[in-house]
Amino acid sequence: MRIVHLGLGNFFRAHQAWYTDRANRESSQHWSITGVCMRRPLLRDMLVQQDCAYTLEISDVGGRQMHKIEVLDSVLVAAEEPQKVISAIADENTAIVTLTVTEKGYDLKADGRLNRESANIRSDLEQGTHRSMVGLLATALKARSSRNAPLTIMSCDNLPRNSRQLRQAVLEFSELAGMGIADYLDRFVSFPCTMVDRITPATDAALEARVAETTLPPRAPVSAEMFTDWIIEDDFSGPRPKWELAGVSFVDDVAPFELRKLRMLNGPHSYVAYAGILAGYAYVHEAIADPVIRRVTELIMDEAMATLPPRSRNDGAAHKASLLRRFENPFLHHGLRQITNDGSVKLPLRVLPVIEARAAMGLPSPGCEALLAAWQRFLEAEIECGRDLHDPSATELRLFIQQGADAASILEALK
Ligand code: CS2
């Protein structure tokens, strides 16, 4: 059986691909994954030279180990060959579609509805292109619907209610495009939400050099921390790999896990990144060793914890300690810049809900406010140095910052 994965980045290759590779090794089943790069062909060009296998280096404070991951059957590039992607999803051997296209890849507005004004969505609706992930997926579902073939679609991105938001976006797109697939979606397609967690840095030359000293596939290696977690709502429309053999948990409701992840890991992570860059550090483990950054990071974690449902707070202190240990991992070399990208999309999901929930409880949020201020100072510094802003709202951010707007009003204006 086959999975089609949209968004063949490092995170997918360190996380869902690793789980599926392990599940294959632990069971008699064989699942393969067709990986889809959404835009650039570079990764495909490297992977096809080594039969789509690659090396994953896993590290914790005790050291590093390398693994060969052999679960990809082929790699497609959506921007070059969208019809092949559509056919792969429509193919009867495909039972599951997974996605890691980052927060901005969903083309959602702040209220969670489809952003009809996004350039890619407009192009897909008005010119019949396949530039947006949502449009591509809706078209593939339309093709699949002629056979009423069941499918499970799972977003593995850091969005609250990730697959539900995706369903809503696909439905809205299909309605605007007059595709008539609402009934098919209702009856045959499930969208289980997932919580995914494994810190995965961008590949650097040092990793490539370590892998080159082995007999493992040399091109496009990935590194990740040892810690990993994948929690999935048990709502499949058809077969799935025996992921439980690789440590996946299946639950009725993923919401408490995703809330805790977004608020206690991702929010503080963003703070470490902005404050760390401003203080002149390059990596997460360096920034978290700075006493001031660490104090505020812990404060943000405490503020977030107070907004979580009581059950998620039970082991709060131990959870916080384990997050801090993960940030301290000196073998990971997790670059701060990687986390700073797309702040205008990430912060409304990671930090604003904490501030709002605390305000409703009559509590202030100085840690979260410090995060917003760090983002603002980071943007100011980037603009001052003449750097490009890596954010889908880069043009607007530049204008707001030049007008002297503060972070909260910028996020409000971008809603
Ligand atoms: C990070 C995440 O770059 C970021 O925004 O906060 O990628 C984080 O490393 C992962 O969610 C960890 O699972």
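Predicted model: local features only at pLDDT ≥ 70, side-chain atom pairs only at ≥ 80, totals over all residues.
## Strands β2 and β5

Let's start with a pair of strands: β2 (residues 32-37) is joined to β5 by 5 bridges, and the two run parallel. Strands here are DSSP runs of E with at least two residues, helices are runs of H or I with at least four, and both are numbered from the N terminus. Two strands pair if DSSP finds at least two bridges between them.

Residues are numbered from 1 along each chain as its sequence is written, and side-chain values use heavy atoms, with hydrogens and water left out.

## The parallel sheet

β2 and β5 belong to an open sheet of 6 strands, paired in parallel and ordered β5-β2-β1-β6-β7-β8. The edges are β5 (72-77) and β8 (189-190); each has a single partner strand, so one side of each has no neighbour in the sheet. Strands of a sheet pair through backbone hydrogen bonds, either parallel or antiparallel.

β1 runs parallel to β2, with 5 bridges joining them. It also pairs with β6 (residues 94-99), again in the parallel sense and over 5 bridges. His5 has a bridge partner on each of these strands: Gly35 in β2 and Thr98 in β6.

How much of β1 is buried? 5 of its 5 residues are, where buried means under 20% relative accessible area, exposed means over 50%, and partly exposed lies in between (1.4 Å probe, protein chains only). In a regular strand the side chains alternate between the two faces of the sheet. In β1, Arg2, Val4 and Leu6 point one way while Ile3 and His5 point the other, and all are buried.

## Helix α2, tucked in

Helix α2 (residues 16-26) has 8 buried residues out of 11, so the rest of the structure largely encloses it. Among the buried ones are Trp18, Tyr19 and Asp21. What do they pack against? The buried residues of α2 pack against β1 (2-6), α1 (10-14), β2, β3 (54-60), β4 (63-69) and β11 (229-233); contact means heavy atoms within 4.5 Å.

## A look at Glu298

Elsewhere, Glu298 sits in helix α12 (residues 291-305). With a relative accessibility of 23%, Glu298 counts as partly exposed. Setting aside neighbours within four places in sequence, Glu298 is in contact with Lys320 and Leu324. Pro217 is 81 residues from Glu298 along the chain, and their C-alpha atoms are separated by 39 Å.

## The whole chain

Stepping back, the protein chain has 20 helices and 12 strands. Its radius of gyration is 21 Å, close to the 22 Å that the globule rule gives for 415 residues, so the chain is as compact as a globular protein of that length. That radius is taken over C-alpha atoms, and the globule rule is 2.2 Å times the number of residues to the power 0.38. The C-alpha trace spans about 55 × 50 × 45 Å along its principal axes.

Of the 415 residues, 56% are buried. Among contacts between residues at least 6 apart in sequence, 76% join residues at least 24 apart.
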